[in-house]
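I am opening my notebook on a structure that is new to me. I will write down what I look up, in the order I look.

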2 protein chains.
Amino acid sequence: MFKPLLSLTGGLIATMAISIAQAKPLPQEDLSVAEVLRDRALESSDAYSIVESLTVEVGPRRTGTEGDRRAVAWAQQKMKDLGFDRVYTEQIDVPRWVRGHAHAEVVSPYPQPLVVSSLGYSVATPEGGLTAEIVEFADVEALLKATPKQIKGKIAFINKRMERARTGEGYGPAVQGRSRGMRAASEKGAAALLLRSVGTDSDRFAHTGMMSIDDIENPIPALALSAPDANLLEVMLKRGTPVEVKLNVDNERLADGPSFNVIGEITGREKPEEAMIIGAHLDSWDEATGALDDGAGVAIVMETARLIAELPDRPRRTLRVVLFGAEEIGLVGAKQYVDAHRHELDNIIAVSESDFGAGKIWRFDTRLPESKFDIADQMMQLLAPLGIERGNNESYGGPDSSIFVAQGVPAFGLYQDGTDYFDYHHTPNDTLDKIDPENLRQNVAAWVVMSFLATEMEGDLGRVPTKSE
Amino acid sequence: MFKPLLSLTGGLIATMAISIAQAKPLPQEDLSVAEVLRDRALESSDAYSIVESLTVEVGPRRTGTEGDRRAVAWAQQKMKDLGFDRVYTEQIDVPRWVRGHAHAEVVSPYPQPLVVSSLGYSVATPEGGLTAEIVEFADVEALLKATPKQIKGKIAFINKRMERARTGEGYGPAVQGRSRGMRAASEKGAAALLLRSVGTDSDRFAHTGMMSIDDIENPIPALALSAPDANLLEVMLKRGTPVEVKLNVDNERLADGPSFNVIGEITGREKPEEAMIIGAHLDSWDEATGALDDGAGVAIVMETARLIAELPDRPRRTLRVVLFGAEEIGLVGAKQYVDAHRHELDNIIAVSESDFGAGKIWRFDTRLPESKFDIADQMMQLLAPLGIERGNNESYGGPDSSIFVAQGVPAFGLYQDGTDYFDYHHTPNDTLDKIDPENLRQNVAAWVVMSFLATEMEGDLGRVPTKSE
């Protein structure tokens, strides 16, 4: 039924006109069911046992690894056990990269070891390692301004701190060094890149994560330093003597291989071909068990579907849980999902994703046509008692969801408190103990309200053309 | 002048009688000088720059290593730079143990890696590692009750949690598993020991530390697990299937070698042969820079002496800063110091040590003859404004000090807030950033009061015979 909207080329105005015509506030009956679901989630939802199962029985699951394969099998079995109507996988092609060792040490003037982690896709050092002087830069922009003389043959050290914030908004500025730093250093002729970890903690863990590597002619080894180790280099450099560091890194890039998006559905009773997608990503980084990133999200969306499946009747539309593969290395699963389903995207009423840890949800963002705001307002009646405030209409729905949003699919964003999220993000410390089961129940309560109402509602949510359309 | 006291065999009563006769409350003039020193310490003492220097310019310094040798050189130079009257070293013989790799992984039923650290003196596994089922015990007492059938050929897993407390009093019960666990497991025929780390954090760091290994016929590999990894095994075991773990450990015990106690003195103007010892230990564990354990202590006692050296006159007695070697592996430096100076222990008026991190001091303990309590009371007049309360008379003065206390030397204990101390203790995370410079100033303020008054006072502090005397 969304087809006519999508086939319009007139854009926003035409879309809005139709949307207004179709606007149907949610009936009280549906709101009552959502309220019951919400309160049931608060009392008895058990997403914690799902994320416990994933982290204990599977553990690390970087895309393309044996752990990833185990995670795919685990997810299918768990969805069956939880009573999903249909469980299936869709194969995707994923880049594969093997993490070997990564050693770093100051060799002069004050020899001591450093705690580092290879950034995703980092190449190896030459056999036996490389030793060079480090040159400090405040951020990637400062590195881009360096003269070749300053940096050629040396190790660029990007020393930018990340700001802590409930919204996680410090991440964007800080992650530039990781996504763009290696390219910049390579183009200047640097021998390697050392990056102060993109994180808010002061623990001796390096935060790994992906780099943008397309079309880099001469990739160089790139490592994250833990915050205390970045501090150490900073203080050493202040002493005024050149600081030499030895790196010994052994990683390998393999040919692309297969992985899977794992999908489970609660089939709609009236319009089974129409679906709301609630997503999370199944892959994790490899140095932890990925409890916060994104085991919690996997558990929240699975438990949401389980609660809805317990209702006497299925909702009007399908609730589709998509556990995306290969999110960590570039939203690969989401991109291939959208590519494979491009002809039927108009059947996706909305998309949302849980991929920001396990903190309490405090804000409800949307990306809806203005004419549909009344539906969000009605959802808010049930979300407000959970301590959730109404946010903006700029939601991109989560990392994987953004690929759908770029195609005009409406989105919901249940924004978690991310104050501590970047203390653990992409470190070995992202483990189950960081999750508060009580917070997970609050999360599921919010998700079940949103998911039930969006799949049960009579009308649709229209499309939200992106600015480039 | 203490000689007559020590030569008495009559014990407590004779000692007290003489002590009372000699009791001389501190004159107001001395208290005024101590107050000035205290306030100067609060305003401008800079122990932080000393511990920064040690952690940055030396870093890890486990006894008998190259880092230890660098630390010894650093300490001598630093004391000279700070204006000590006399700086010297005394050689000690120390056990040497080389840490190689330590890998652990669950191989069945849910393969995944574990974060571990060899406990001090742990032997290696056979080449290629060893794989065995783990058997969980609540504590070392439970292990001691195991039947050989339960444990023979298996890996004993001691899963005792440590309680958090400002006093650190949870350490005693929890550390039993580390000090006695390997012996118990070995005697029962276990293949290895896995120990939940003795720590209060929930970070993915294993806490290393010394084991008692004397006379163990058949030592076995012994590893600490990080708290999240201990949780992981605990949950796996609850699933009911046997859990098999593979360990691959490569450590080596070498012949004993030399290290040093490093000593610096502010020479007494009237009784230079009499001294108060203020100590800390210079060695650290090897996986961190030993900022809290015990770089902070080194800095606090050095800075205390520096402030006193700035006075127009030297105090009546010598203030002797002793940086003990090889504390971490059994108070080796302190034991050898006391052995080497046994004939002149009566010249040591009192001993105290800073070895509990860098928290604010909140309690002042002593070990004094009752007749000398008025001196402690006078010290308290100057300590109370720092937020310090009077504690008990059971102080052992700190780990190294306890060797002196066992010989009847009086002791002072400036008790730090240790609430967080065991979050970092013996982990790679014991780094400079964990130290608050403001807290260090409060520490130095208290130390300078105690150290000045004890070295300046006219009378002495007697002896405090131990119960066994």
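I began with the record. The UniProt annotation "domain: Peptidase M28", from an unreviewed entry, covers residues 261-446 of chain A. UniProt positions follow the numbering used here, feature names are shortened, and annotations may be inferred rather than shown by experiment. I looked at the ends of residues 261-446 of chain A: their C-alpha atoms lie 24 Å apart. The span is 31% helix and 25% strand. Helices (H or I, at least four residues) and strands (E, at least two) are DSSP runs, numbered from the N terminus.

I noted the ground rules. This is a predicted model, where local features need pLDDT of at least 70, side-chain atom pairs count only at pLDDT 80 or more, and totals for chains, interfaces and linings use all residues. Residues are numbered from 1 along each chain as written, chains are lettered from A and ligands numbered from 1 in written order, and side-chain values use heavy atoms, without hydrogens and water.

Next I picked Glu35(A). Glu35(A) sits in helix α3 (residues 28-44) of chain A. Is Glu35(A) buried, partly exposed or exposed? Glu35(A) counts as partly exposed because its relative accessibility is 33%; buried means under 20% relative accessible area, exposed over 50%, partly exposed in between (1.4 Å probe, protein chains only). The C-alpha atoms of Glu35(A) and Ser284(A) are 33 Å apart.

Then I turned to chain B. An open, mixed sheet of eight strands runs β3-β2-β9-β5-β6-β7-β8-β4. Its edge strands are β3 (112-114) and β4 (116-118) of chain B. Strands pair if DSSP finds at least two bridges between them. β4(B) pairs antiparallel with β8 (residues 222-225) of chain B over three bridges. Val116(B) stands opposite Leu225(B) in β8(B).
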